[in-house]
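Student: Could we go through this fold together? I would like to begin with the strands and then turn to the helices.
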Amino acid sequence: MLPVVPMDRILISACLLGRPVRYDGAGKPLADPRVARWQEEGRLVPLCPELMGGLPVPRPAAEIVGGSGADVLAGRARVMTVTGEDVTAAFVDGAEAVLVLARQSGCSHALLIDGSPSCGSLSIHDGGFSGRRVAGSGVTAALLTMNGIGVFADHEIDRLVTMIEAGARREPEAG
């Protein structure tokens, strides 16, 4: 008899489920049958680090200035709004709350919206509010990665599925 493999739970940016949590009060629904199936199976754990850090909806657009999410966590960069407000503490608090949620929920993977100063895993905006993206990760994506949680951009679902399936095929470790 094959061992029962627990279903992997997946953190997901709430905006990808259509929830109106983005800075502009909108969602950004991700229409993918796998995401819909995971939601039906109760495998998704929705989150918005910026709300979890205490920021409102709507809120001024924010970008990382002086580096990436890892630099923010190390104190070498800041998260600033287009209006000049330093919201670094809220972004760090939100990232830490997401890490706690991931651990409590048993999530080893996250599907996050790319380009966000919180959730971007491949790209973030350049910090000049120019609309230009640069390679890098947001604050939450960086913290999750540093803590062994696989982070995938919203357009990397195929890669996420491959990683989940590879994990499910692994043999249990002998104890």
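Student: What is the order of the four strands in the open sheet?
Tutor: The order is β2-β1-β5-β8, with parallel pairing; strands are DSSP runs (E, at least two residues) numbered from the N terminus, and two strands pair if DSSP finds at least two bridges between them. This is a predicted model, where local features need pLDDT of at least 70, side-chain atom pairs count only at pLDDT 80 or more, and totals for chains, interfaces and linings use all residues. Residues are numbered from 1 along each chain as its sequence is written, and side-chain values use heavy atoms, leaving out hydrogens and water.

Student: Which strands are at the edges?
Tutor: β2 (44-47) and β8 (150-153) are the edge strands, each pairing on one side only.

Student: How many bridges link β1 and β2?
Tutor: Strand β1 (residues 9-13) pairs with β2 over four bridges in the parallel sense. Within β2, V45 is the bridge partner of L11.

Student: Now the helices: at what angle do the axes of α4 and α5 cross?
Tutor: The axes of α4 (residues 88-105) and α5 (residues 139-146) cross at roughly 40° and come within 9 Å. Helices are DSSP runs of H or I with at least four residues; axes are lines fitted to C-alpha atoms, for helices over the stretch in contact, with angles from 0 to 180 degrees between N-to-C directions. The two helices are therefore oblique to each other: under 35 degrees counts as roughly parallel, over 145 as roughly antiparallel, 65 to 115 as roughly perpendicular and the rest as oblique.

Student: Which residues of α5 make the contact?
Tutor: V139, T140, L143 and L144 do, against α4 residues including F91 and L99; contact means heavy atoms within 4.5 Å.
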